[in-house]
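Please look over the structure shown below before reading the report that accompanies it.

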Amino acid sequence: MWGGRFADGPSAVMREINASIPFDKQLWRQDIRASLAHVAMLAEQGIMEADDATQIINGLNQIAQEYEANGVAEDLDLEDIHMHVESRLTEIIGSVAGRLHTARSRNDQVATDFKLWVRDALDMVDSALAGLQTQLVTRAEEHADCILPGFTHLQSAQPVSLGHHLMAYYEMLRRDRSRFVDARVRMNQSPLGSAALAGTGFPIDREKTSSMLGFDQPTTNSLDAVSDRDFALDYLMAASQCSLHLSRLAEEMVIWASQPFGFIKLPDSYSTGSSIMPQKRNPDAAELVRGHSGRITGCLNALMMTMKGLPLAYSKDMQDDKPPVFEAHDLLGLSIAAMTGMVEEVQFNTDRMRALAESGFSTATDFADWLVREAGLPFREAHHVTGAVVALAENEACGLADLSLDQFQGIDSRIDNTVFDVLSVDASVASRSSYGGTAPVQVKAQIEKAKQALGLES
């Protein structure tokens with residue numbers, strides 16, 4: 001390729017460090033798609049003869065069939081997927097293949113191909129997340145009335161609906177999907193036609209190729225177009241945030257599946273055993289999802305560091321833009337699939353959840369609220385009285401509802417018998433009926449909204 005300028009060929013080390021075909025072969029579909037749009041435009045603009053365009057189009061379609069059937073045969077001397085396609089096209093149709101590269105550079109070519117790939121990845125992730133949301137909503141609807149302890153600092157805080165707990169993750173994923181959608185809108189401009197960095201003198205129609213490739217419009221600055229990788233960073237940022245949410249859900253699966261909690265039983269299909277301890281059921285899938293979040297955020301950091309100091313326009317450093325995106329995409333897709341399967345198949349031990357919700361004085365806040373509402377105490381005083389009652393119950397090794405009225409009134413005489421109406425976990429959960437609260441009536445309303453958003457039947 002460099003024969004006109006260089007007398008000697010590259011060293012073996014240079015061949016290896018310079019070649020990107022081991023990873024950018026993933027772009028072959030996007031490369032052929034962009035080339036088909038480019039050659040059609042060249043013919044329409046009279047820049048290329050119609051017969052030449054027909055030969056090139058037929059050749060590109062044949063290459064696509066070959067790659068689909070057999071994959072891409074790597075040749076380090078051809079460096080990247082763009083030269084692999086062009087070389088194979090030359091083998092098929094001869095020297096007319098050289099006309100394909102008219103009015104474009106590998107710089108705008110790779111930017112276009114990579115954008116197309118990331119756009120496809122965004123669509124795939126959005127669809128996968130919708131599937132996970134569907135499972136969360138389905139299980140939440142099954143368990144809207146089930147009660148478990150809600151935690152802060154991993155200490156029993158207030159009883160909540162299991163459906164409410166699951167819907168919290170639905171909301172996290174809703175925000176994740178919005179970030180992927182925003183990234184797609186922002187990146188949907190075509191770099192094709194920016195050439196190496198300054199545009200081209202050929203009378204090309206960038207609006208035409210942009211439309212053919214499903215972009216909203218061409219990019220407006222050729223320097224920016226060939227050097228921009230914000231779209232890849234946007235994808236990785238959204239993927240990193242999403243992986244953190246998946247990791248939180250995975251962590252709860254790990255905790256809940258442990259014997260001290262016993263809230264869930266993970267399915268065999270997402271668990272492993274021990275090589276020495278036959279009783280073990282290890283939550284390996286959840287742990288790997290948790291671990292993948294570190295690798296995905298590492299991919300984001302890798303590309304950020306690659307791009308942080310690059311002058312305009314294209315630099316070879318940017319060849320390293322694709323491996324972190326490809327890796328993160330594979331890991332994220334696997335994590336979403338694993339979490340979807342676990343949520344669908346997990347067995348909830350609702351009796352155990354309820355038993356623990358009834359321990360740990362989880363209705364103490366309800367008692368404090370009762371003191372404010374019914375006895376007229378300022379909340380800070382009510383907080384102090386409640387603390388004294390909790391200390392008494394702890395000393396008596398019983399729950400708040402197990403104390404007698406005399407014991408309550410021994411701490412504060414303003415307490416009457418109606419206090420027992422708020423000390424059960426059912427009453428506590430039902431009372432949290434503010435918008436977005438854990439009361440089953442609110443949870444079910446949010447589930448209905450989610451089902452409508454997901455296009456599910458009520």
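This is a predicted model: local features need pLDDT of at least 70, side-chain atom pairs count only at pLDDT 80 or more; totals for chains, interfaces and linings use all residues.

Residues are numbered from 1 along each chain as its sequence is written, and side-chain values use heavy atoms, with hydrogens and water left out.

A nonpolar core is a set of buried Ala, Val, Leu, Ile, Met, Phe, Trp, Tyr and Cys residues joined through side-chain atoms within 4.5 Å, where buried means under 20% relative accessible area, exposed over 50% and partly exposed in between, with a 1.4 Å probe and protein chains only. The largest such core has 95 residues, and F180, Y235, W256 and L332 have the most contacts inside it. Helix 10 (residues 230-257) supplies the largest share of this core, 15 residues. A second, separate core of 18 residues includes V389, V390, F408 and V422.

Contact means heavy atoms within 4.5 Å, and neighbours up to four places away in sequence are left aside for F180.

Two residues can be set side by side by accessibility.

| Residue | Relative accessibility | Class |
|---|---|---|
| A225 | 4% | buried |
| L197 | 38% | partly exposed |

A225 lies in helix 9 (residues 222-227), and beyond its neighbours within four places in sequence it is in contact with A111, P191, S194 and T219.

Note on methods: Helices (H or I, at least four residues) and strands (E, at least two) are DSSP runs, numbered from the N terminus.
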